[in-house]
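Dear colleague,

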Amino acid sequence: MTCPRCACNTIETITTSPDPGVWEVLQCPRCLYMWRTTEPERRTQRHAYPVQFQMTAEDIANAIEVPTIPPLLSAATNGSRSAAERT
Ligand SMILES: [Zn+2]
C-alpha cells in the first residue's frame with residue numbers, strides 16, 4: 001500500500017466498515033492524507049493521483065511554515081462590528 005499523495009509505504013488503517021470487508025479508511029502518517037478504499041483511483045492510487053497535488057518526502061521536509069493567524073482588528077480600527085456585537 002502506497003500513499004497516493006506522498007508515496008509513503010507505511011499506511012495506517014483508521015477504521016473499517018460496520019459490515020466487514022466493504023471499505024476501510026486509511027491514513028498516511030507522513031502527510032496525513034486520508035482516504036476510503038471505495039473512492040475513485042484518482043483519490044486512492046498514486047499513479048492516478050493528480051500530479052499537481054503529489055508530494056515527495058523532500059516537499060514535506062521543505063514545506064514553508066504555516067503562517068500564524070494575525071490578531072483580530074478591533075471594531076474601532078476596522079469600522080465593523082465584531083461577532084460578539086452582532087449577536
Ligand atoms: Zn502521504
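What follows is an account of the fold, the sheet and a few single residues.

Please keep in mind that this is a predicted model, in which local features need pLDDT of at least 70 and side-chain atom pairs count only at pLDDT 80 or more, while totals for chains, interfaces and linings use all residues. Residues are numbered from 1 along each chain as its sequence is written.

To begin with the chain as a whole, there are three strands and four helices, where helices (H or I, at least four residues) and strands (E, at least two) are DSSP runs, numbered from the N terminus. Read from the N terminus, the order of the elements is β-β-β-α-α-α-α. The chain has 87 residues, of which 9% count as buried; a residue is called buried if 20 or more other C-beta atoms lie within 10 Å of its own, exposed if 12 or fewer do, and partly exposed in between, with the C-beta atoms placed from the backbone. As for contacts (C-beta atoms, placed from the backbone, within 7 Å of each other), 40% of those between residues at least 6 apart in sequence join residues at least 24 apart.

The sheet comes next. Its three strands form an open, antiparallel arrangement in the order β1-β2-β3, two strands being paired if DSSP finds at least two bridges between them. The edges are taken by β1 (12-16) and β3 (34-36), each of which has a single partner strand, so one side of each is left without a neighbour in the sheet. On average, and with direction ignored, neighbouring strands of this sheet are turned by 25° against each other; the axes behind this value are lines fitted to C-alpha atoms, for helices over the stretch in contact, and angles run from 0 to 180 degrees between N-to-C directions.

Taking the pairs in turn, β1 and β2 run antiparallel and are joined by four bridges, and within this pair Thr-13 stands opposite Leu-26 of β2. Leu-26 has Trp-35 as its bridge partner in β3, whereas Val-25 has Arg-36.

Two residues deserve a look for their backbone angles. Most residues other than glycine have a negative phi. In the hairpin of β2 and β3, which has six residues between the strands, Leu-32 lies in the turn and has a positive phi of about 70°. With 11 C-beta neighbours inside 10 Å, Leu-32 counts as exposed. Ala-7, in the segment before β1, has a phi near 70°, again a positive value in a residue other than glycine. Ala-7 is partly exposed, with 16 other C-beta atoms within 10 Å.

Finally, which residues does Thr-44 touch, not counting those up to four places away in sequence? They are Pro-4, Trp-35, Thr-37 and Glu-39. Thr-44 belongs to helix α1 (residues 41-44) and counts as partly exposed, with 16 C-beta neighbours inside 10 Å. Although Thr-44 and Pro-4 are 40 residues apart along the chain, their C-alpha atoms are separated by 5.7 Å.

Conventions: Two residues are in contact if their C-beta atoms, placed from the backbone, lie within 7 Å.
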